[in-house]
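Here is a short report for a reader who is new to this structure. Please look over the sequence and the model before reading on.

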Amino acid sequence: MTQDDAFAADLLRGHTDTIVLGVLRRGDRYGFEIYKTIRDAIGGDYEIKEATLYATYRRLEKDGLVESYWGDETQGGRRKYYRITDAGRSVYRSNVSAWVATRRIIDSLLDVKEQQ
């Protein structure tokens, strides 16, 4: 991992809750499915560890931002599904707005316009 990769990983790690809420905004998913969705979306450039994600699911559920329920699979093990709540959608929108504002400020401070 390069220093750039480590910096990017730190930034992403700080937004894990919002990333998970963003995935669930598109529909209910079980834990490993959320992990695969995130992994596939970033093309392997970064990996959020499964342990980190499961801690995130518990925190989001405790905070009332997601709800969980057991699926009724006919084959294989039971899967715990997660669904975003109205409060979760509100937090997601707020966090995305904050991210956009922060990105604009940092881009301005770092004068990166010519690199975009």
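Which side chain meets Glu67 in a salt bridge? The side chain of Arg83 does, at 3.2 Å from N to O. The model is predicted. The sections below start with the whole chain and then return to this pair.

## The chain as a whole

The protein chain has five helices and three strands. Read from the N terminus, the order is α-α-β-α-α-β-β-α. The C-alpha atoms fill a box of roughly 55 × 30 × 20 Å along the principal axes.

The chain has 116 residues, and 27% of them count as buried. Its accessible surface is about 8100 Å². Carbon and sulfur atoms account for 50% of that surface. Contacts also reach along the sequence. Among those between residues at least 6 apart, 45% join residues at least 24 apart.

## The nonpolar core

In soluble globular proteins, nonpolar side chains tend to be buried together. Here the largest nonpolar core has 18 residues. Val20, Leu21, Leu24, Ile34, Ile38 and Leu53 have the most contacts inside this core. Four elements, α2, α3 (31-41), α4 and β3, each supply at least two of its residues. Helix α2 gives the most, with four.

Helix α2 is also mostly covered, as seven of its nine residues are buried. These are Thr16, Thr18, Val20, Leu21, Gly22, Val23 and Leu24. What does Ile38 touch, leaving out residues up to four places away in sequence? Its partners are Ile19, Val20, Val23, Ile48 and Leu53. Two of these partners, Val20 and Val23, are among the buried residues of α2.

## A buried threonine

Thr56 sits in helix α4, which spans residues 50-62. Is Thr56 buried or exposed? Its relative accessibility is 1%, so Thr56 counts as buried. The cut-off for buried is under 20%.

A polar atom of the Thr56 side chain lies 2.9 Å from the backbone oxygen of Thr52. An α-helix has 3.6 residues a turn, so residues three or four places apart point the same way. With neighbours within four places in sequence set aside, Thr56 is in contact with Thr16, Asp17 and Val20. Of these, Thr16 and Val20 are listed among the buried residues of α2.

## Salt bridges

How many salt bridges does the structure hold? The count is five. One of them joins Arg83 to Asp28, with the closest N and O atoms 3.5 Å apart. This pair links distant parts of the chain. Arg83 is in strand β3 (residues 80-84), while Asp28 is in the loop between α2 (16-24) and β1 (29-30). They are 55 residues apart.

Arg83 also meets Glu67, at 3.2 Å from N to O. Asp28 is partly exposed at 35%. Glu67 counts as partly exposed at 37%.

Another salt bridge brings together the side chains of Lys62 and Asp63, 3.8 Å from N to O. Lys62 counts as exposed, at 71% relative accessibility. Asp63 counts as partly exposed, at 45%.

Which residues make a nonpolar surface patch of about 430 Å²? They are Ile105, Ile106, Leu109 and Leu110. Ile106 belongs to helix α5, which covers residues 86-110.

Ile106 has a relative accessibility of 40%, so this residue counts as partly exposed. Thr56, at 1%, counts as buried.

How values were computed:
Residues numbered from 1 in each chain as written. Predicted model: local features only at pLDDT ≥ 70, side-chain atom pairs only at ≥ 80, totals over all residues. Heavy atoms only, no water. Patch = residues over 30% accessible without salt bridge, like charges linked within 9 Å, V, L, I, M, F, W, Y side chains within 5 Å. Areas by Shrake-Rupley, 256 points an atom, 1.4 Å probe, with all protein chains shown as cover. Salt bridge = Lys/Arg side-chain N within 4 Å of Asp/Glu carboxyl O. Buried < 20%, exposed > 50% of the residue type's maximum accessible area, 1.4 Å probe, protein only. Polar contact = N/O pair within 3.5 Å; in protein donor to acceptor, adjacent residues only side chain to side chain. Contact = heavy atoms within 4.5 Å. Core = buried A, V, L, I, M, F, W, Y, C linked by side-chain atoms within 4.5 Å.
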